[in-house]
Amino acid sequence: MSSCYITGDWKESKMNIVEELRLEEKNGFPNLKKKRNPPSKKSTSPNQIDSSKKNKQLEITSKRLEYLTKDMEKTLTELDQIFNNGSNAMIVLNNNFRILRINDTFANIFNVDKSRSLGKRCDEVIKLNFCSEKCSEQKCSIRNALSEKGTVEFEEQIDHDDGSYSLYRITASKYYGFDQKVQGVILSYLDVTQIRKDQERLQKMNDELLKAREETEDYVALLEQKTAALELTNEKLYESEEKIRKQNIKLQKLDELKSNFLNVTSHELRTPMSSIKGYVQMMTNKMLGEVSDEQQKALQVIMRNTNRLDNLIQDILDISRLESGTMKFIAEQTNIGEMIKEIEETMSSASNEKNISLRVQCSDELPTLVIDKDRIKQVIMNLINNSVKFSQENTIITIYAFSKGNETIIQVKDQGRGIPKEKQRHVFETFYQVDSGMDRTFGGAGLGLAISRGIVMAHGGNIWVDSSGIKGEGTTFSISLPNEPVENIEERFKQVDVFKLESDNFDNDLKNKEYDEKE
Amino acid sequence: MKNMSKKVMVVDDEPDLRQMIDLMMQKEGYETATAENGMDFLNQIDSFQPDVVTLDVMMPGLTTKEILEKLNGMEPNPKIILLTVVRFSDEEKHKILEMGNVVDYITKPFDFDELIDVVKKHAFAE
């Protein structure tokens with residue numbers, strides 16, 4: 001039976017099958033009869049049938065055969081279609097590795113001439129890596145593989161002339177005949193090129209994803225590191241802040257200490273002065289008995305020097321307070337005109353000694369300013385005292401007061417010996433003396449103008465000097481005070497560093513000119 | 001003497017100053033007593049019964065505030081003149097004058113006549 005399969009292709013062999021079936025029908029084909037025509041069971045005994053009946057029987061059988069043949073042909077055509085047009089390339093080998101069948105898919109893919117290939121040994125038509133180079137009937141890799149299993153799967157890459165390749169998953173399986181014996185091998189080629197390519201692409205994507213994930217993990221690790229570093233920095237910052245905070249507290253304590261020290265010093269220095277002055281005044285007033293003229297003179301000297309010492313103590317305390325920012329300012333509504341009148345009354349006796357005439361030229365409309373009246377009075381009286389000190393006898397000192405813009409200007413002008421231009425910049429510096437060293441003819445510690453400047457600056461104003469430096473032309477000291485009432489004046493005073501402005505000290509030439517015109 | 005009917009008590013920890021003011025008040029005709037700190041002053045107040053007290057604001061022991069608090073509601077009820085080295089703002093002046101018996105203050109170093117005037121003013125004021 002097997003020999004007829006190798007003589008032609010599937011369709012040709014169909015007729016052989018039909019022939020064979022006819023022969024088998026003649027010899028009796030019980031299964032088929034039973035299957036196809038069960039009612040024929042009744043006529044199984046030929047002895048009971050006469051010849052005409054036999055003929056009729058033959059005719060029926062012949063018709064049935066014809067029907068069966070057609071049915072068979074139809075089935076075979078369908079099988080043929082399925083075999084040839086499936087997506088798998090298929091090749092069927094007999095037990096001697098001769099090619100029994102090749103489907104159209106196989107022929108097309110591998111460019112094989114079907115009719116020429118049939119009957120040839122498989123290694124003449126197909127080359128498989130799976131097979132050893134020297135294959136033989138005894139040494140067939142596929143057969144060996146199949147000896148243990150019913151089916152073997154392997155993959156084959158087939159390179160094309162154009163450089164591309166195809167990948168096939170080949171399934172080799174035994175096939176069996178009617179007698180349940182192995183008739184040969186079917187090789188079924190499934191094109192898995194695209195699947196493999198997809199797989200590779202997926203793999204690549206997966207690799208990329210993995211790489212990206214690794215990179216992300218690295219990045220996360222780096223971020224964690226940086227976060228840790230930041231946290232460390234934060235801690236350090238916090239520590240620094242803590243340190244600064246502690247230092248600030250320390251500084252505040254020091255500040256308080258300094259302030260307390262100044263208060264205590266002030267108290268300790270001034271209390272003895274009170275005793276001295278009290279006793280001197282009592283003696284001068286003869287409350288403690290009669291005083292001779294000589295004693296009276298001595299008491300006056302004591303009193304004058306006590307006052308001088310007292311003023312010096314006051315100046316040193318003031319400078320210290322200004323420098324430490326602890327000077328107390330008491331702001332109050334102050335009418336400038338009235339204030340200048342008070343100053344005039346107080347200072348008239350001071351100018352009497354040298355027969356210096358003190359004059360006042362005030363503008364009619366002077367504002368009321370929110371200032372520390374006592375301190376500003378202290379400044380102006382200090383300027384007048386300076387003028388008296390450096391003026392000749394029988395000269396005039398004039399106090400001017402006027403408003404200009406949003407400022408009030410107060411000036412003290414004398415007819416003294418003037419201040420050389422090159423020294424004008426320095427007169428407001430602490431302990432500065434226009435006359436220094438051996439030439440000194442006038443007393444004073446050089447604190448008055450520095451204090452004056454500090455007080456004026458603390459008020460948001462300015463102080464400057466103008467003098468031609470020519471003897472007799474005198475000197476004019478000016479202060480400016482802002483007209484706008486200052487809110488929270490104590491706080492503002494604290495914020496002003498009154499000794500910091502040495503550099504912009506007296507670039508006031510412009511300003512001087514402005515007010516000179518007014519003069 | 002002219003002010004004999006009035007009593008002035010001088011409270012100061014500085015002996016020279018205390019004696020000086022004491023002498024000055026005696027010369028002015030007041031009956032005087034002295035105390036060297038707040039506690040000393042409070043202990044004597046009942047026996048001496050002062051009309052006017054000159055009270056130094058910076059003494060060891062009790063603070064001025066403590067002295068004034070203890071004095072508050074006590075009999076007798078003397079007028080207190082504070083002797084201070086610091087200047088007061090209007091607000092502070094107001095606060096000081098609200099503190100019990102304080103009637104005035106003098107800033108050191110004070111003038112001889114100023115002290116006499118202030119004491120006289122309050123000693124004879126109703």
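Predicted model: local features only at pLDDT ≥ 70, side-chain atom pairs only at ≥ 80, totals over all residues.
Helices (H or I, at least four residues) and strands (E, at least two) are DSSP runs, numbered from the N terminus. The average pLDDT of chain A is 80, and 80% of the residues score at least 70. Residues 437–441 of chain A stay under 50 and have 3 contacts beyond four places in sequence, a contact being heavy atoms within 4.5 Å. Residues 501–519 of chain A are also below 50, with 39 contacts in the model beyond near neighbours in sequence.

Residues are numbered from 1 along each chain as its sequence is written, and chains are lettered from A in the order in which they are written. Local features need pLDDT of at least 70 and side-chain atom pairs count only at pLDDT 80 or more, whereas totals for chains, interfaces and linings use all residues; side-chain values use heavy atoms, without hydrogens and water.

Chain A contains an open sheet of 5 strands in the order S2-S1-S5-S4-S3, with antiparallel pairing; two strands pair if DSSP finds at least two bridges between them. Strand S2 (99–102) and strand S3 (151–159) of chain A form the edges, each pairing on one side only. Neighbouring strands of the sheet are turned by 20° against each other on average, direction ignored. Helix H8 (residues 141–148) of chain A packs on the sheet and touches S3, S4 and S5 of chain A, its direction making about 55° with that of S4(A). Axes are lines fitted to C-alpha atoms, for helices over the stretch in contact, and angles run from 0 to 180 degrees between N-to-C directions.

Strand S4 (residues 165–176) and strand S5 (residues 182–191) of chain A run antiparallel and are joined by 9 bridges. Ala172(A) has Leu187(A) in S5(A) as its bridge partner, and Ile170(A) stands opposite Tyr189(A) in S5(A). The hairpin of S4(A) and S5(A) has 5 residues between the strands, and Gln180(A) takes a positive phi near 65° there.

Chain A and chain B bury about 2,100 Å² between them, 60% of it on carbon and sulfur atoms; buried area is the accessible area (1.4 Å probe) that two parts lose on being put together, summed over both. His267(A), Met287(A) and Ile330(A) supply 26% of the area that chain A buries against chain B, more than any other three residues.

How values were computed:
pLDDT = per-residue confidence, 0-100.
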